[in-house]
Amino acid sequence: MGAALPNPLAKRKTAQHERFEVNLPAGLMLLPREVVVDGMILNVSEGGCLFRPYQSYLLNRTGDRCALVVRGHRLEGRIMNTIPKGYGVAFERFVDVAFFLRLAQTQSRAG
C-alpha cells in the first residue's frame with residue numbers, strides 16, 4: 001500500500017467565526033506554571049485568536065492550556081495548533097470582538 005496523496009479538491013476546514021486583524025501587543029500565559037511569552041495578537045474572532053510570540057523559535061504547544069493577557073484583561077483558553085505564524089488559541093468562552101478592535105484602535109493612536 002502506497003502513501004496517500006492529499007486531495008487538492010477536498011474541502012479545507014475554515015474558521016467558524018469572522019477574523020479581524022488587530023496587531024495588538026499581548027502576553028500568552030502558559031498554564032499551570034503561569035510563564036508569560038510576550039508577543040502580538042495578529043487576528044481575533046469571537047472564538048479565538050492567532051498569537052505570534054516575539055521569539056523566533058516556536059515550540060509545539062498544541063493542546064496546552066493558556067491565558068491571553070491583554071492590558072490587564074485575562075482570557076482563558078487552549079492552544080489548538082502551532083503553525084509557522086504562531087499559536088492558534090481557542091477561548092473558553094466567546095468574546096466580544098469589539099473589545100479587541102477598540103484596544104487596537106487606541107494602540108494605533110498611541111503609537
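Residues 24 or more positions apart supply 51% of the protein's contacts with a separation of 6 or more. This is a predicted model. The protein has six strands and one helix. The six strands form a closed barrel.

**Overall make-up**
- Along the sequence, the elements follow the pattern β-β-β-β-β-β-α.
- The protein has 111 residues, and 34% of them are buried.

**The barrel**
- The strands run around the closed barrel in the order β1-β2-β3-β6-β5-β4, with antiparallel pairing.
- On average, neighbouring strands of this sheet are turned by 45 degrees against each other, direction ignored.
- Strands of a sheet pair through backbone hydrogen bonds, either parallel or antiparallel.

**Strands β1 and β2**
- Strand β1 covers residues 20-30, and strand β2 covers residues 35-44.
- Nine bridges link β1 and β2 in the antiparallel sense.
- Gly27 has Asp38 in β2 as its bridge partner.

**Asn43, a residue of β2**
- Asn43 lies in strand β2.
- Its relative accessibility is 15%, so Asn43 counts as buried. The cut-off for buried is under 20%.
- Leaving out residues up to four places away in sequence, Asn43 touches Arg19, Phe20, Glu21, Val22, Cys49 and Leu50.

- Strand β4 spans residues 65-70, and strand β5 spans residues 73-83.
- The two pair in the antiparallel sense over six bridges.
- Leu68 stands opposite Leu75 in β5.
- The hairpin of β4 and β5 has two residues between the strands. In this hairpin, Arg71 takes a positive phi near 45 degrees.
- Strand β6 holds residues 86-91 and runs antiparallel to β5. Six bridges join β5 and β6.
- Arg78 has Ala90 in β6 as its bridge partner.
- A hairpin leads from β5 to β6 through two residues.

**Confidence in the model**
- The average pLDDT of the protein is 87.
- A score of at least 70 is reached by 85% of the residues.
- Over residues 7-12, pLDDT stays under 50. For this stretch the model has zero contacts beyond four places in sequence.

Technical notes
Residues numbered from 1 in each chain as written. Predicted model: local features only at pLDDT ≥ 70, side-chain atom pairs only at ≥ 80, totals over all residues. Heavy atoms only, no water. Helix = DSSP H or I, 4+ residues; strand = E, 2+ residues; numbered from the N terminus. Buried < 20%, exposed > 50% of the residue type's maximum accessible area, 1.4 Å probe, protein only. Contact = heavy atoms within 4.5 Å. Pairing = 2+ DSSP bridges. Axes fitted to C-alpha atoms, helices over the stretch in contact; angles between N-to-C directions. pLDDT = per-residue confidence, 0-100.
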